[in-house]
Amino acid sequence: MCGIVGYTGVKDAREILLDSLELLEHRGYDSVGIARFDSETSQVCVDKCVGRVRDLRRECEQETLSSTCGIGHTRWATHGAVLEKNAHPHRCGKVTIVHNGIVENYRQLIENYELQEQLVSETDTEVVAALLDHYYHGDAQRTIQKVAGKLKGTYALVMMFEDQPGVIYAIRNVSPIVVAECEEGMMLASDLTALGQFTKQYFVMPEHAVLKMEADRMTLVGFDGNVVEPELLTLDWEMQSLGKNGYPFYMEKEIMEQPDTFMATVKNRIVNGLPDFTVDGVSDEALTSCKRICVVACGTAWHAGLMLQALVKSVLHMHIDVELASEFMYSDPVINENTLLIAVSQSGETVDTLEAVKYAKQKGAKCLAVLNVRGSSIARESDYVLYTEAGPEIAVASTKAYTTQLAVMYLLVAKMALLRGEYTVEETRHYMEEFQRVPEAISKVLEQRKEIHVVAKNVLEAKDLFMIGRGMDYSTLLEGSLKLKEVSYIHSEAYAAGELKHGPIALIAQDVPVVALVTQEKLMSKELSNIKEVKARGASVVLFIKQSLAEQLKEDYELVLLPDLEDKFMVFPAVVALQLLAYYVSSDKGFDVDKPRNLAKVVTVE
Ligand code: F6R
């Protein structure tokens, strides 16, 4: 959460900072600010406001200040309301600072160091600025290290000291910072999306070290006083894929990309028609030696975990737990050296998932992560990583990351089934053939988007909505329902269709639309009964149904026909149809689809 950037070099810092912050807005967008050294006076000048980067850009337009060094921040409020005084950068004496994370002991620090008088905001960040200023007498490295020793919590801190024009310092604990050296200068950010415009070479800033950036050099010194050589990584995302490609919103563009991102994810992992993780360095032993599987993830990634659970049970006949990462370590999980922990995360930075991985590793589990961002914190903690090839996902609501996570999981299950003797080679080939029909099925749904748009218009006015389904359809709907609520602000609940009568059916009424999903033949007749129960109570039902199951239902329901695949693969076309539904409801309501209120793309607070 919170986007942070820093630049020092030869170019105009204002444009670089504002452009980069715009690329980081998916991390938080309630207020924004930049601080720059004035090239003439060497004074630090702070501009900030409540609102978006475009608002700050407008405010700064008239300024004549010239600067080649500055830091910036786009905020997702944690401590303190969305007010200008709480926006970053914060300044105290000689110190100017931006922060991503939470300093948990800030109250205690205020008391211990009697800082209250100096503070104007309600933020934990300003306390850090005050503490730095308290200790600072010209040696920034020492001061930062000393203050870091007093902080509890997670932080990425980027700092400027008034008597060191052109110099930026950074330190981090858990919250990420990526750094790049490019022709025009030195750049750091909380997220790779801000760096790709300058260079493809970057490094992830290590913890327990202080980074000093000047226009033409940078040094990284560990807390032990030794210089640290960072490990350079190469960004393999196509940066042109960062634009909207003519779509009004990233979410639509990212939904449309799914046949390609699916293909990109699977193409090197199918050899002779069979699943293969040689390119990933995942040994067969890692997949055969475990006795239990436990998935940890949040939100959409957790929904991908639920789909893995359904597959593991039906194909591998194995026990598998799927845990919300934020609950995991507080629920006394049964984890040991026989457990394969599967962590699923688009960003690889979700702190709940990261902490769950660290906990499980301490208990002796092996960790396999399914991630979209190379070099991310979870990647560094894991024994094995299977990367999804979704490319940069900018819309806050996750779409292509989810289907690529599923793609990896379907491959994983096929591989394990073969290794564990649950499938013969022939059965595995058959599964893989059907699996490779997925992109075509997704494309067919995308071709139907006008039809889905019409359905969306019918639920625009709803305040509450139910999504019902059974088995795998229920898991798919949990994801579809999350999409709808986060981008359209309609209260949508996914419910197991058979469970509705045990309580929530009390909420069904004429103005509560019901979206039903039917793709699992063996559950169809029971589900149709459940659908009739809500119809009998006045609900209008839209039925998303696998084409071959839809005969004889055309008269009674508004239908969205989903292209046929074997039942276990139907999540792919079904979820894409539900993503489109959510997208059209949101865009028709005139919302900023890519930046839903209160949300942020990368969740680095617990
Ligand atoms: C919903 C969404 C979130 C994320 C969740 C985990 O559309 O994007 O629910 O799935 O915050 O994020 P990652 O996958 O980055 O760990």
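## Exercises on a predicted model

Strands β9 (residues 178–182) and β11 (residues 201–204) run antiparallel and are joined by two bridges. The model is predicted.

**Exercise 1.** Which residue of β11 does V179 stand opposite?

*Solution.* Start with the pair β9 and β11, which two bridges join. Then look across from V179. F203 in β11 stands there.

**Exercise 2.** In what order do the eight strands of the open sheet lie, and which are the edge strands?

*Solution.* Step one: read off the order. It is β3-β2-β4-β1-β10-β9-β11-β14, with antiparallel pairing. Step two: find the strands that pair on one side only. These are β3 (44–50) and β14 (232–234), the edge strands. Neighbouring strands are turned by 20° against each other on average, direction ignored.

**Exercise 3.** Which strands do helices α1 and α2 lie across?

*Solution.* Take α1 (residues 13–23). This helix lies across β1 (3–9), β2 (31–37), β4 (69–75) and β10 (185–189). Helix α1 runs at about 155° to β2. Now take α2 (residues 53–60). Helix α2 lies across β2 and β3, at about 130° to β3.

**Exercise 4.** Are C182 and C294 buried or exposed?

*Solution.* C182 has 12% relative accessibility and counts as buried. C294 has 2% and is buried too.

Notes. Residues numbered from 1 in each chain as written. Predicted model: local features only at pLDDT ≥ 70, side-chain atom pairs only at ≥ 80, totals over all residues. Heavy atoms only, no water. Buried < 20%, exposed > 50% of the residue type's maximum accessible area, 1.4 Å probe, protein only. Pairing = 2+ DSSP bridges. Helix = DSSP H or I, 4+ residues; strand = E, 2+ residues; numbered from the N terminus. Axes fitted to C-alpha atoms, helices over the stretch in contact; angles between N-to-C directions. Contact = heavy atoms within 4.5 Å.
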